Every structure is written in structure tokens, then in C-alpha cells.
Amino acid sequence: MSGQSLAMTHAPGAKRHSPPPAWRKPVLMGAPLVLLLVAFLVFPVGQLLALSVHNGQGFTLAPYAQLFASSLYVTVLWITLKISLATTLVAVVAAYPVAYLISIAKGPAKSRLIFWVLLSFWTSFLVRAFAWVVILGRNGVINSTLMSLGIIDSPADLLYGFGAVLVGMVHAMLPLAVMTMLAVMENIDRTLPRAAGTLGAKPGTAFWTVYFPLSLPGVAASAIMVFVSAIGFFIVPALLGGRKETMITQLIIDQVQQTLNWGLAGAISVLLLTVVLVVFVLYDRVFGFASLTGESAVVRNRDTAMRRLGGRVLAALGSASDAAIGLLPRRHPIRGRSERPVALTVFVWLLLVLISLPAFLMIPLSFGKGGLAWPPSGFTLQWYQQLLDSPIWMQALWRSIVVAFGTGLLSMAIGVPAAFLMVRGRMRGKGAMLAFILSPIVVPRMIIAVGMFYVFAQMGLVGTILGLVIGHTVVAVPYVVMTMMAVLRNYDTRLDLAAQSLGARPLAALRHVTFPILGAGMLSSFLFAFATSFDELTISLFSSGGLSATLPKQFWDEVTLQVSPVIAAVSTGLLLFVATLIFVADRLRRRSLAG
């Protein structure tokens, strides 16, 4: 029998089931994302950068000679760095107590805090920037209030200066700083500061010497995200800064839209990208890219002298904090109530009110008869009627919804398998793969937008829905991957093993066990991609074309060309839309936790 069986095994017609190669699954899961980024990020950006040294006739350095021959570009670069660094410093310092309070809060209190942060995080940059125009204008909220109280006799010039730009930039970046920092703070072991307290450390010392060092990767991740976002930002400086506070991305826009000087635009992009890459390389050497996804990081700097100096500084801060706490009246903790400092809670809620208030001021203005003057007078629905009767606004709204929905689906189809690969897959070079996935966040958005516009123009994709979906997917898919990686890290893989031990094949276990449990997280990722696309202006500014504007592009055109009360109605609608998205995502998150 054994010889007969052996003969049958080697018979020509016998089927042999060999296991698939180990490399096949990782390639199939990661290839779509890699191909997307290579085709529509690496290639377009490479094309743009190549234009700075090749003018179609041969090699040239003329754009760089023009760039460094004039003091204008060096001055603008200094202004850009100054605004970005100041924004990063203020935003990170202000965001730390907010993220800390959210991380220690529980139950409904935590949900409320997260809701208000996300409301500001997802509210359109354009809405928030335009709100500051109304607040700081000569007939705005601050000047009208001060004049009505008799504090000033004539309107003060609050717009078009460094202060206005800094306020608008911090307001725009603060929610991003909170959410990035919170991803790391949530993973800090709470028993460590308590253990320090049981060993005799006072609260201030325990915080500064135990908790704060553990939160440093989150602080660094928050700082790098805010800095990179700020250095490539143009909405707030263009609306609040005027010509005196021009940032370098505005020069790129001028070179492309007004003079079609692709060579100089590429040279400016090289300068901007070099600054960003240097910052990211330094960050990666100290903390590692993994901390950007919320994964705990270990500081790689082993300089003992710096560590000793840092330890002394933190110890001094702990002693000062303990001395300040000792001056406050002692409170006896109430059983069953979490011990949260009252001063911290009051400060955080005041800050959340301040970052939410500008967008909410659009609501009364959208119903006022006096246009955008403060205080609003009378009640009318004419601005909403004009909005609904305008075919331009309605087409822009419909186009944004279609593009955002397509972006959400494509980002999920590409990003979810990549997230599974990064969390569960066994492959070499995960760090390099993660860095590549995060490259749309590393590269300033303006460089991506201009490069895509150059390539899309050659492919005939400018002004098409497909072009906008592809462009928005490139910038949205990293957020889907990061969100799903966080969800998968908290998923108990023993459930899959249990299903497979009962006879379920891997695909069946994935369909009937994994996806139903992860459904809420996946839908939240979809909403994240949807909201990212719905608010995307930079890519739409170039790739939408003159007659195919999205809602943010139409909003931008209205704000820069003519200020109409219809904008207040649009802002109110966007605010309500974002609030609904956040409410739905929060309900899904709670249902997932309850399940």
C-alpha cells in the first residue's frame, strides 16, 4: 500500500497543494497603498522638484540663483519659520493640560471633552479663519464691544499683523496638538505616579519626574505635527496677515497661478521640503516615527550629561509645583468622585470655549439682517435662501459630498489592509514602511498639491471627480491607517484563533468575527477620511479647475473676492454637519465598547 500510495503521489495527474509563498500576503495587502503613493505622491513631487533644475532644454540652476539672489525669499522663509515655531510652542503648551485632563477623565466627562476638541478639530479651517476676520475686523466683535463700553473711541487695527496670524494659527493647530498628544498619554501606566506617591513623592514631584518624562514622546509628536502643518499653511496668513506676514507657501501659489514659473516654484518647494525633512530626521533619530501613531516610544538620546541636566530641571519644577500646591487650601476627596484639580478643569473648559466660540459666532450672524456687522440686528433667512438658490454653491456642495464619499471608500479599501499588515504582519522594514505611509503628512500639503496639478494636467484629470478623489485619498489614507492601527492594537486576536480552532477558515473568521467587532472603528476611520476630504482646500485649489469647484474652493473664492453674509450661512451649515459627524462617530465608539 505504501508503494502504491507513493506511486499515486508522483503520478502526473496528481494535484499537489503547496502553501503559498510567505511574501504573497504582505505584498497583496500593502501593494495598493504603495502604488498609490508612488504614482500620485512620489512621482508628482519628484516632477516638481526636477523642474527646479531642468527647464525642458537642459540642466539649469537659474531658479536657485533667482531664489537666493533676492532677499525677498530669505525674508519670507524667516517669517514662515518664525510663525511656525511660535505657533508650535504656544499650541503645544496650551494643548498639554487639555490632553492630560482628557487622559485622566472617565465616562461622560471624557466623552464631553473629546467632543468639544473634535468639534474644533473637524470644523473647517476656512470657517475658523473667517470667524477671526469677523472678530478682529474694524467693525468686528472686539472693536464693537470695546467701543460700546467706552473703552476706545475708534476701532483698533487688530488684523493684518503677527498677533492676528499667531492667534488664528494657534486656534487652527491646537486641536491637532491635543489629539496627537492624547494618543500617547492614553498608553501611560497610571500606577507609576501613584507608586511614586506611596514612596513619599509629593504630587508635583511625582508628575514632573515620573509622568512628564513618559509623556515626552507625545509632546514631541504633537510638536512635529503642528510644525509641519503650520509651515505648509496658507489659509490663516492669507486672510489675517496681509502682505507683511506672507508665508512661503503663498509664494508657491503666486508662482504657479500668476506667472506659471514652475522652475522657481520647484526651487521654493525644495527649500521648504529640505527644512521639513531635516526636522523629521532629527525627530526620528530621537523618538522614532512609531510615536506618531500613538505607539509608545523610547527616547534614543543617551547623552548622560543632558539626562542629568534634564533631571535637575524636572526636579526643580516638581519642587516649585509642590510649593505652589502647598499654598492652596486642601480639599478632602469625596468618595466615588475622581480627583481632578479644579484649577486644571476650569482652565481646560475655558480654553475649549475659546476655541469653539469663533465658529459659533457665525450662527447669529447668519440670521442677522445687518450682514456681518456685530452685533447682529433683526432676524432673516435671506442668506440661507440665497445659498439654496445659488447653483454655484449647490453644485460645489454636491461635488464635495461625492468626492468625500469616494475618498472615504478608496481610503478604506487601501488603508485597512495596510493597517492589518503593519499591526499583524511579519515583515522586515516595518519602520521604513510606516515612514512611507506617513509621507503625505511629512511632505507639506502645498508641494503635494502643486506636483499633482502638474501631473494631472498632463493626464487630463484637472477638474474631474476622479482626479479630486485620487488627490484627496493620498492625503487622507495615512489617517485611516493610523486610526485602524490604534483600533487593531486594542483588538483581542484570541477571538480569531478561537474561530479558526472551531473550523473557520481565515477569510471566514475575518468576515464573521473580525470585521463585525471592528466595524465601529472602521466606520470612524471612514468618517475621518470623509471629513478630511470634505475640508480639503489645498489640492482642490489647483486640481478642481475653474468650473468644478468644491465647497472649500468656492468658500475660498468668496472670502478672497467678496465678503458676503452667505458665507456665515455656509459656516453655520458646516458647523452643524461636523457636529453631526462627531455625534455619530461617538455613538459608534460607545456601541463598540459596549459590545
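Me: Which residues count as nonpolar, which as charged and which as polar?
Reply: Ala, Val, Leu, Ile, Met, Phe, Trp, Tyr, Cys and Pro count as nonpolar. Asp, Glu, Lys and Arg count as charged, and the others, Gly among them, as polar. In this predicted model, the lining of the second largest cavity divides into nine nonpolar residues, one polar and one charged.

Me: Which residues line the second largest cavity?
Reply: W122, S124, L126, A531, F534, D535, L551, P552, F555, L574 and V578. The cavity's volume is about 110 Å³.

Me: Where does one look for empty space in general?
Reply: Rolling a probe the size of a water molecule over the atoms shows where empty space is left. Here the structure holds three cavities of 30 Å³ or more. The largest cavity contains about 650 Å³ of space. Its lining has 31 residues, and F125, S229, R445, Y479 and E536 are the closest to its centre.

Me: What is the make-up of the lining of the largest cavity by class?
Reply: There are 21 nonpolar, six polar and four charged residues. Helix 8 supplies the largest share, four residues. Other helices that each supply at least two include helix 5 (107-122), helix 10 (203-231) and helix 24 (506-534).

Me: How many helices and strands does the protein chain have?
Reply: The chain has 27 helices and zero strands. Of its 595 residues, 50% count as buried.

Terms used. Residues are numbered from 1 along each chain as its sequence is written. This is a predicted model: local features need pLDDT of at least 70, side-chain atom pairs count only at pLDDT 80 or more; totals for chains, interfaces and linings use all residues. Side-chain values use heavy atoms; hydrogens and water are left out. Buried means under 20% relative accessible area, exposed over 50%, partly exposed in between (1.4 Å probe, protein chains only). On a 1 Å grid over the protein atoms alone, a cavity is a set of points where a 1.4 Å probe fits but cannot get out, and a pocket is an open set with protein on both sides within 12 Å along at least five of seven lines; lining residues have an atom within 4 Å of a point. Grid points are joined across faces, edges and corners, and a volume is the space filled by probe spheres set on the points.
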